[in-house]
Amino acid sequence: MNTDKIIAEKIASEYAPKKANKLIALKKLDRKAKQTANIFAYTFGIICSLLLGTGMSFAMSVIGDGELKSIIIGIVIGLVGIFGVSINYFIYKKLIEKGKIKYGNDIIALAKEISNE
């Protein structure tokens, strides 16, 4: 067995032009359908979690001067963060449905084409 030949073929295959594969195209369409929802969910979730943490810090007098006004502001900020985190999943599901509607026909057609081969 010639290991040099195997290694050379492997390296050459990395630089050879790739043929368009229908399965790869299907995976790209699926990723594209879910991308907007994922980006929004992560971004919105992180922002709301930070709001929740900031509100907790104000309410427990870690940040601020510890007066009643600071505690009330912390509670309000924390409640906004809790509300945002609570609705994040439902917004995500709506955005996923929009993506499925937008790209669904193309994905189904390509999936049927692949399965018929």
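A nonpolar patch is made of residues with over 30% relative accessible area and no salt bridge, with nonpolar side chains joined within 5 Å. The legends below describe a predicted model.

**View 1. A nonpolar surface patch formed by residues of α2 and α3.** Ile47, Leu51, Leu68, Ile72, Val76 and Val80 make up this patch, which covers about 520 Å². Two elements, α2 (22–59) and α3 (68–116), each give two or more residues to the patch. The largest share, four residues, is supplied by α3. One of the patch residues is Leu68, which is placed in helix α3. Leu68 counts as exposed because its relative accessibility is 60%, and the term applies to values over 50%.

View 2. A polar atom of the Asn88 side chain lies 3.1 Å from the backbone oxygen of Ala41. When neighbours within four places in sequence are left aside, the residues in contact with Asn88 are Phe40, Ala41, Phe44 and Gly45.

**View 3. The salt bridge between Lys22 and Glu113.** The structure holds two salt bridges, and the pair shown here has an N to O distance of 2.6 Å. This pair links distant parts of the chain, with Lys22 in helix α2 and Glu113 in helix α3, 91 residues apart. Side chains of opposite charge can pair when their charged atoms come close. Lys22 has a relative accessible area of 30% and is partly exposed. Glu113 is also partly exposed, at 37%.

**View 4. The salt bridge between Lys34 and Asp30.** The side chains of Lys34 and Asp30 meet with an N to O distance of 3.5 Å, which is inside the 4 Å limit for a salt bridge. Both residues belong to helix α2, and because they are four residues apart, about one helical turn separates them. Lys34 has a relative accessible area of 33%, so this residue is partly exposed. Asp30 counts as partly exposed as well, with a relative accessibility of 33%.

Terms used
Residues are numbered from 1 along each chain as its sequence is written. This is a predicted model: local features need pLDDT of at least 70, side-chain atom pairs count only at pLDDT 80 or more; totals for chains, interfaces and linings use all residues. Side-chain values use heavy atoms; hydrogens and water are left out. Patches are made of residues with over 30% relative accessible area and no salt bridge: like charges are joined within 9 Å, nonpolar side chains (Val, Leu, Ile, Met, Phe, Trp, Tyr) within 5 Å. Accessible areas come from the Shrake-Rupley method with a 1.4 Å probe; for residues, only the protein chains shown count as cover. Buried means under 20% relative accessible area, exposed over 50%, partly exposed in between (1.4 Å probe, protein chains only). A polar contact is a pair of N or O atoms within 3.5 Å; within protein, one must be able to donate a hydrogen and the other to accept it, and residues adjacent in sequence count only if both atoms are side-chain atoms. Contact means heavy atoms within 4.5 Å.
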